[in-house]
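The exercises below are meant to be worked with the sequence and the model side by side. Try each task before reading the solution that follows.

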Amino acid sequence: MKLSSDLINFWESYDKPGGLKDLQSRYVYVNSAYRRLQNLSKSYDIEGRYDGELPTETYEYEPEFQRHDRLVLDTKDVHSSIEIHPFGKHKVLEGWIFHKRTFFYNNKLSGVFFWADPARKIDINIYTTFGTKASSIILNPPTTALTEREWEVLYFLMKGESLKSVSLMLSLQVNTVRKYLENIRTKLGTFSQAQTIDFCKSKGWDRYVPKKYIIRHKIIS
């Protein structure tokens with residue numbers, strides 16, 4: 001598919017990440033905003049490549065992306081998905097809503113056009129792997145004072161789980177979970193489990209979901 005220079009210039013002026021795939025889900029074109037989002041250099045030749053061939057953090061989601069493309073082609077409707085992945089030069093975990101619609105070229109169905117909007121508020125469309133809806137979630141740790149494992153322990157404690165339940169979920173001994181809680185209290189300067197939970201909730205940290213418990217791709221419409 002040979003795109004006109006006018007069409008390419010228009011898409012390059014578009015401030016939202018966007019691009020075009022052919023009927024087999026191979027890339028035809030992406031604009032500069034999409035290259036920045038995926039940290040792809042200007043010289044990287046994306047034409048003819050599948051998602052799984054790209055040097056990006058999203059390569060492993062090729063099957064999900066292709067099913068999304070096929071849904072658009074089969075229904076001829078716009079369908080959107082929420083994507084939560086490490087994006088940009090610094091690989092920061094961010095949420096984006098990707099919209100896809102059919103693309104006609106010379107009056108012929110030729111592929112899928114997509115564009116993305118930042119998900120400034122991740123709301124009830126997002127589910128954790130434990131099936132819990134969240135009204136608004138934080139994608140990155142609110143403080144670097146705690147380790148990844150300590151955040152996991154704290155996450156479940158703030159959800160009301162007991163030390164025994166946390167130990168089962170994380171495949172740890174109860175005494176090990178108790179030790180993690182002790183480390184958390186020391187770092188945060190709190191004196192009990194209840195005070196620790198109250199302190200974290202007062203700062204809004206109960207809205208943080210460790211990335212392993214977030215469903216990273218979900219079609220929402």
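**Exercise 1.** In which helix does Tyr155 lie?

*Solution.* Tyr155 lies in helix α4, where helices (H or I, at least four residues) and strands (E, at least two) are DSSP runs numbered from the N terminus. The model is a predicted one, in which local features need pLDDT of at least 70 and side-chain atom pairs count only at pLDDT 80 or more, whereas totals for chains, interfaces and linings use all residues. Residues are numbered from 1 along each chain as its sequence is written, and side-chain values use heavy atoms, with hydrogens and water left out. With a relative accessible area of 6%, Tyr155 is buried, a class that means under 20% relative accessible area, against over 50% for exposed and in between for partly exposed (1.4 Å probe, protein chains only). Its C-alpha atom is separated by 38 Å from that of Ser25, 130 residues apart along the chain.

**Exercise 2.** Which members of the largest nonpolar core touch the most other members?

*Solution.* They are Val153, Leu154, Leu157 and Val166, in a core of 27 residues; a nonpolar core is a set of buried Ala, Val, Leu, Ile, Met, Phe, Trp, Tyr and Cys residues joined through side-chain atoms within 4.5 Å. At least two residues of this core come from each of β3 (79-87), α4, α5 (163-170), α6 (174-188) and α7 (193-202), and α4 gives the largest share, seven residues. Another core, of 13 residues, lies apart from this one and has Val30, Ile46, Phe114 and Ala116 among its members.

**Exercise 3.** How many helices and strands does the protein chain have?

*Solution.* The chain has seven helices and six strands, which run α-β-β-α-α-β-β-β-α-α-α-α-β from the N terminus on. Of its 221 residues, 44% are buried.
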